[in-house]
Amino acid sequence: MIGVYVHIPFCVKKCNYCDFNSFDNKNSLKQRYAEKIIEEINNFEGDLNADTVFFGGGTPTALEQDLLQRIILAVNNKFNTTDCEFSMEANPATINSEGLLLLHKNGVNRLSIGLQSANNDELKALGRIHCFEDFVSTYCMAREAGFDNINTDIMFGIPNQTLDSFKRTLEEVVKLKPEHVSCYSLIIEQGTPFYNMNLNLPDEETERKMYYYAVSYLQQNGYIQYEISNFAKKSMQCRHNIKYWERKNYVGFGAGASSLIENVRYKNSEKLIQYIENNMPEKEILTMSDALAEHIFLGLRKTDGFNIKETERLYNIEFYQKYKTVIDKYLKLNLITYGENMALTKEGVSVSNIIMSDFM
Amino acid sequence: MSDNIRNFCIIAHIDHGKSTLADRLLEHTGVLTAREMEEQILDNMDLERERGITIKARAVRVVYNARDGKQYILNLIDTPGHVDFNYEVSRSLAACEGAVLVVDASQGIEAQTLANTYLAIDNNLELVPVINKIDLPSAQPQVVKDEIENVIGIPAQDAPLISAKQGIGIEDVLEKIVNDVPPPLGDINKPLSALIFDSYYDAYKGVIIYCRVFDGQVKVGDTIRLMATGKEFDVVEVGYLNPLGMVPSNMLSVGEVGYIAASIKNVSDTRVGDTITIAQNPAKEPLAGYRKVNPMVFCGIYPADGAHYEDLRDALGKLQLNDASLSFEPETSIALGFGFRCGFLGLLHMEIIQERLEREYNLDLVTTAPSVIYHCFKTNGEEIDIDNPTNLPPAVEIAYMEEPMVDANIMLPTDYVGNIMELCQQRRGIYKDMKYLDSTRVTLHYELPLNEIIYDFFDALKSRTKGYASFDYELCGYQRSTLVKLDMLLNGEMVDALSLIVHTDKAYERGRRIAEKLKEAIPRQLFEIPIQAAVGSKIIARETVKAMRKDVLAKCYGGDITRKKKLLEKQKEGKKRMRQVGSVEVPQEAFMSVLKLD
């Protein structure tokens, strides 16, 4: 089984914090891009049984409906997508009822809507094009169109955000009863407008309080945390994302998209023109130790961590012997748990990079 | 005979064109073809070329056909210009009869010019003043001539006006050397006495001795005796040096400068300054050597990776073969592990050794703050020398202490006098006097504690005078002083490698600055880290490195995995450069960052 990722690098307007491979000024390339991606899909050779499909971006729904539908059809024609989890990212106010109906009809069965905040001032600060009301209306339309698996992205650590305003965002989201919530902290990345702006960001203490609040509030409302930033109602986890963390095979189509197939990683050219005219995928053959390092740091992102026995079998190592000093150190500091599985504790999540890097 | 020999050196302030002039002299005398000519041929080491300074002395022999129709053998002995290398300068000077004094036509006399000139006068050398860089628009040859006469007190009105860069006036310099520098005196019939002025280890020939023959002669097959050690060796090869290497010859005779190879295994057997004689017919008295200069500045040098301790020892040993003024002995630090306490002539010497260790031997080093030698008088009557702050006894056992003082001469444009007096005042300097060189330049004479100038005095001096000040110093004795040991504590644990001995009045300020610097240099870790500066049990400054809490809880998409991995690898790489000090991880840079506080 394979996971399929399709990258749509277009947006109506790029957000102030965004450093993804996406553009709001390359609309003239949309047609050629869609054709190229269809060609790439058609030319793919390998496992054609897909159990997950994920359209991400950018904003896939920023693409004209006909182009988007043609790409969806290309995926459906190429791959066996029956019983597939088929996710599509969408931003409020970029799609209408007909569009949603069409997506649903063509097999898209999971929608991921970027809300980020229920506070309109915060949305404005982020450079989002929509207000909270737009989100609610898109959300309701999606329900009416038949989507019974919806994710909502929210964000904390937004300029001028307070713990109270974040609590309100959580309440508003929970009221709508989405099946899945992704909750990320805002990162100020180099090269984004935010990087050079003088922002009134919540201090670290507050930011971390927001995170802990989200974890417990979502828990109380029936959302099970299964990864550092991901929460879902029972059995509604995003299977596609889990593939990334479990290093299952996936293929990525589109500019800058990555694939992992049997420990070989490919990455398409990032620049749109380059991708369209002369895509030159980078190929990296992962060594056993590369793969093990990835297995550990990705595994540690999951709330349950990863299974030690399975790891030992996969990589032919004695796990505890190999990492004794590190494991003992972090056990002592109460930053990890170590039993059948190894996982980060709540405190460990906060310093995950240090812990992960110690296993590299 | 030795009448046609001229042994000379060139002395100059840094950047006044000594190396360029040396190149031109070699070029003019035709020993180098254009193809062989490489800029600054005497400066062999990469570091020397980059910094434009000469670190080690070299000797080169050339033949000059003078205007009087005679042929002369000129031995040019290159000398380092910097004050730290006075020792090596005096080594070279002892082998010469004359010195070409190069002065920049627009900058005039600088501190190093003076210091080296006085050394040359002490050695009874004939001075040949030369005004260089006359091609520059800002050149003022007449002003500089007058300055030489007024400040140094030697006639300079007929000094050659040259541009080494443009090749102007080179022959005038050669003529001056031939006419003004006296030929070597000496008696070929006397027993051999030759002065060793340098030596180095050659992998094929063993130790190569550079020497100047004062009396007698030496040839292949002779059994030589080194008078200080009494050791005897059979001469395998003698010869002289041209710019491209060694040229064997039959013998070295009175007045000549050259090399001797005698299958000597240890450089330590051939002490620079020692006298070579013939075993069967020895000289009665050794030649007067020259003052041995002892290291003034000390610091701990540790391998960044403890596994390279032996490599560091080997590298230091090899450097010491050619640099007798470098000293080192093993020491241990709780924070840094096994390393060496190294002694240097001065700060530049220290920096150069560190750089050579890193570049030529590929070592990654951690260096502790430089220290000087303090005299510590204990209440029980014992007197000890302290070159490592860690060894200072507890305050209650100390009756009093003394610190080394230097006589410092600072030459600078009058505009900056106020700035520099203030700087010297801050550094606990005692004003001695001020002399006007001319209407725009002065010499400030201060007595300064050595420990105040070993950190960053030179940098401060340069930055406060836009680079116009020059500076020279000489140890002038010890003075009683109220000194304390300043300790730095990380998470409550003292870090021995960061301890310093400072004057009581400076302890608070320095402690505060170091704590601030450490706060910048130490990355946030899993827990909060208090940084404290303490004198005895009294905490005088405190900073805190906040606990790291925030790791971004970001998306981790398929494509981000490579990026995430790179990020973690970078973090891991950073960790490798960390030293575990108790429970705290300290980056190597942190140890260095305390060195520069301005």
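## Contacts within chain A

Two residues are in contact if their C-beta atoms, placed from the backbone, lie within 7 Å. By this criterion, among the contacts of chain A between residues at least 6 apart in sequence, 70% join residues at least 24 apart. The model described here is predicted.

Chain A contains 14 helices and 15 strands. It has 360 residues, of which 45% count as buried.

## An open sheet in chain B

In chain B, eight strands form an open sheet. Their order across the sheet is β10-β9-β15-β6-β7-β14-β11-β12, and the pairing is antiparallel. Two edge strands, β10 (232–234) and β12 (245–249) of chain B, each pair on one side only. On average, neighbouring strands of this sheet are turned by 40° against each other, with direction ignored. As a general principle, strands of a sheet pair through backbone hydrogen bonds, either parallel or antiparallel.

One pairing within the sheet may be examined in detail. Strand β9 (residues 223–226) of chain B is joined by three bridges to strand β15 (residues 275–278) of chain B, and these two strands run antiparallel. Leu226(B) has Ile276(B) in β15(B) as its bridge partner.

## Nonpolar cores

In soluble globular proteins, nonpolar side chains tend to be buried together. The largest nonpolar core of this model has 163 residues. Those with the most contacts inside this core are Ala99(B), Val100(B), Cys211(B), Val218(B) and Ile410(B). Strand β7 (residues 206–215) of chain B supplies the largest share of the core, namely seven residues. A second, separate core has 75 residues, including Leu111(A), Ile150(A), Phe156(A) and Ala257(A).

The surroundings of Cys211(B) can be listed individually. If residues up to four places away in sequence are not counted, Cys211(B) touches Ala194(B), Leu195(B), Ile196(B), Phe197(B), Gly258(B), Ile260(B) and Ile276(B). One of these residues, Ile276(B), is also the bridge partner of Leu226(B).

## A helix pair in chain B

Helix α9 (residues 417–426) and helix α11 (residues 457–464), both of chain B, pack with their axes 10 Å apart and at an angle of about 160°. Angles over 145 degrees count as roughly antiparallel, and α9(B) and α11(B) are therefore roughly antiparallel to each other. The crossing in which α9(B) passes α11(B) is right-handed.

Which residues of α9(B) and α11(B) meet? Asn419(B), Ile420(B) and Leu423(B) in α9(B) meet Ala460(B), Leu461(B) and Arg464(B) in α11(B).

How values were computed
Residues numbered from 1 in each chain as written. Chains lettered and ligands numbered in written order. Predicted model: local features only at pLDDT ≥ 70, side-chain atom pairs only at ≥ 80, totals over all residues. Pairing = 2+ DSSP bridges. Helix = DSSP H or I, 4+ residues; strand = E, 2+ residues; numbered from the N terminus. Axes fitted to C-alpha atoms, helices over the stretch in contact; angles between N-to-C directions. Core = buried A, V, L, I, M, F, W, Y, C linked by C-beta atoms within 7 Å. Buried ≥ 20, exposed ≤ 12 C-beta atoms within 10 Å, placed from the backbone. Parallel < 35°, antiparallel > 145°, perpendicular 65-115°, else oblique. Left-handed = near helix turned anticlockwise from the far one by under 90°.
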